[in-house]
Amino acid sequence: MCNVNLKKKILVVHRGIINRCYNPKFRSYKFYGAKGVTMCDEWRQSSREFVKWALENGYQDNLSIDRI
């Protein structure tokens, strides 16, 4: 069974991506959403799917997800 605290950390990452991509008031929006960077619909619509993906793909605190 997965650690609840780990899931909470991943949810914070998820919320950060959404803010960077879709919240014009967020400080980093100008580098992401304002430049057309988006999040895939599956992850945007379901934090559960994002958490599932992260756990299945070896999420670690020292890793990052970013625009390419």
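A nonpolar core, as I use it here, is a set of buried Ala, Val, Leu, Ile, Met, Phe, Trp, Tyr and Cys residues joined through side-chain atoms within 4.5 Å. Buried means under 20% relative accessible area, exposed over 50%, and partly exposed in between (1.4 Å probe, protein chains only).

I worked on a predicted model, where local features need pLDDT of at least 70, side-chain atom pairs count only at pLDDT 80 or more, and totals for chains, interfaces and linings use all residues. Residues are numbered from 1 along each chain as its sequence is written, and side-chain values use heavy atoms, with hydrogens and water left out.

**Core.** I looked up the largest nonpolar core and found nine residues: I10, I17, I18, C21, M39, W43, F50, V51 and A54. Helices α1 and α3 each supply at least two of its residues. The largest share, four residues, comes from α1. Helices here are DSSP runs (H or I, at least four residues; strands are E, at least two), numbered from the N terminus. I then checked A54, which touches I10 and Y59, not counting residues up to four places away in sequence. Contact means heavy atoms within 4.5 Å.

**N19.** Is N19 buried or exposed? N19 is buried, with a relative accessible area of 17%. I placed N19 in helix α1. Leaving aside neighbours within four places in sequence, N19 contacts F26 and Y29.

**W53.** This residue lies in helix α3. W53 counts as partly exposed, at 35% relative accessibility. Beyond its neighbours within four places in sequence, W53 is in contact with W43 and I65.

**Salt bridge.** I counted one salt bridge, meaning a side-chain nitrogen of Lys or Arg within 4 Å of a carboxyl oxygen of Asp or Glu. K9 pairs with D61, the closest N and O atoms being 3.0 Å apart. K9 sits in helix α1 and D61 in the segment after α3, 52 residues apart, so the pair links distant parts of the chain. K9 counts as partly exposed, at 41% relative accessibility.

I noted a volume of about 280 Å³ for the largest pocket. A pocket is an open set of points on a 1 Å grid over the protein atoms alone, where a 1.4 Å probe fits, with protein on both sides within 12 Å along at least five of seven lines; lining residues have an atom within 4 Å of a point. The volume is the space filled by probe spheres set on the points. The lining has 15 residues, and V13, Y59, L63, S64 and I65 lie nearest the centre.
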